[in-house]
Amino acid sequence: MTRDSRSELYQQVIIEHNKSPRNFRKIPNPSHEAEGYNPLCGDHLHIYLHVQEPCGVIDDVSFEGDGCAISKASASLMTTSLKGKTRQEVEVLFDQFHRLIKGELHPDKGPNVLGKLFVFSGIWHFPARVKCASLCWHTMKGALEKVKTVTTE
């Protein structure tokens with residue numbers, strides 16, 4: 001696959017998740033939730049999680065809100081990636097995703113657990129969009145840590 005065809009595929013996945021976001025709803029009785037805001041772009045969302053205790057498995061996750069295509073697609077792909085994961089697995093995914101969007105992790109050059117999240121691998125070329133892609137992740141982490149509001153600066 002050429003670099004241009006890969007870039008086109010990435011764009012198509014992001015557009016699809018923006019148009020038809022997965023898990024775009026409020027789950028009933030979330031055990032964790034937080035609100036996130038990106039003042040630079042105007043993205044604003046709520047993340048809802050239901051975590052099984054004491055094992056710490058995320059059995060449901062969802063989001064609501066408004067934002068740019070990158071922000072909404074990132075939240076959609078994040079929610080599909082988190083279901084069934086333990087907190088420990090979420091920490092690994094969080095770390096790898098952030099390294100990916102900063103250009104520090106290259107998914108085709110080593111083992112990783114990113115799955116479809118690899119579509120954000122070129123986002124580091126657009127520094128203003130890194131915050132759009134990471135807002136949902138920081139908000140999710142805030143929810144798990146019982147922080148109610150998260151702002152990307």
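Two strands are taken to pair if DSSP finds at least two bridges between them; helices (H or I, at least four residues) and strands (E, at least two) are DSSP runs, numbered from the N terminus. By this criterion, strand β1 (residues 32-38) and β4 pair in the parallel sense over 3 bridges. The structure is a predicted model, in which local features need pLDDT of at least 70 and side-chain atom pairs count only at pLDDT 80 or more, while totals for chains, interfaces and linings use all residues. Residues are numbered from 1 along each chain as its sequence is written, and side-chain values use heavy atoms, with hydrogens and water left out.

**The sheet and its helices**

The strand order β3-β2-β1-β4 describes an open sheet of 4 strands with mixed pairing. Its edge strands, β3 and β4 (149-151), each pair on one side only. On average, neighbouring strands are turned by 20 degrees against each other, direction ignored. Within β4, Thr149 is the bridge partner of Glu35.

Axes are lines fitted to C-alpha atoms, for helices over the stretch in contact, and angles run from 0 to 180 degrees between N-to-C directions.

| Helix | Strands touched | Angle of directions |
|---|---|---|
| α2 | β2 (43-52) and β3 | about 165 degrees with β3 |
| α4 | β1, β2 and β4 | about 150 degrees with β1 |

**Helix α3**

The 15 residues of helix α3 (residues 87-101) should span 21 Å at 1.5 Å a residue, and its end C-alpha atoms are 21 Å apart, which agrees. The expected span is 1.5 Å times one less than the number of residues. Among the buried residues of α3 are Val90, Leu93, Phe94 and Phe97; buried means under 20% relative accessible area, with a 1.4 Å probe and protein chains only. The buried residues of α3 pack against β3 (57-66), α2 and α4 (127-144). Just after α3, Gly103 takes a positive phi of about 80 degrees.

**The nonpolar core**

A nonpolar core is a set of buried Ala, Val, Leu, Ile, Met, Phe, Trp, Tyr and Cys residues joined through side-chain atoms within 4.5 Å. The largest one has 38 residues, and those touching the most other members include Phe97 and Trp137. Helix α4 gives the largest share of this core, 9 residues. Leaving aside neighbours within four places in sequence, Trp137 is in contact with residues including Leu93, Phe94 and Phe97.

**Ser71**

Ser71 lies in helix α2 (residues 69-82). Ser71 is buried, with a relative accessible area of 2%. Beyond its neighbours within four places in sequence, Ser71 is in contact with Asp43, Leu45, Cys132 and Leu135.

Key. Buried means under 20% relative accessible area, exposed over 50%, partly exposed in between (1.4 Å probe, protein chains only). Contact means heavy atoms within 4.5 Å.
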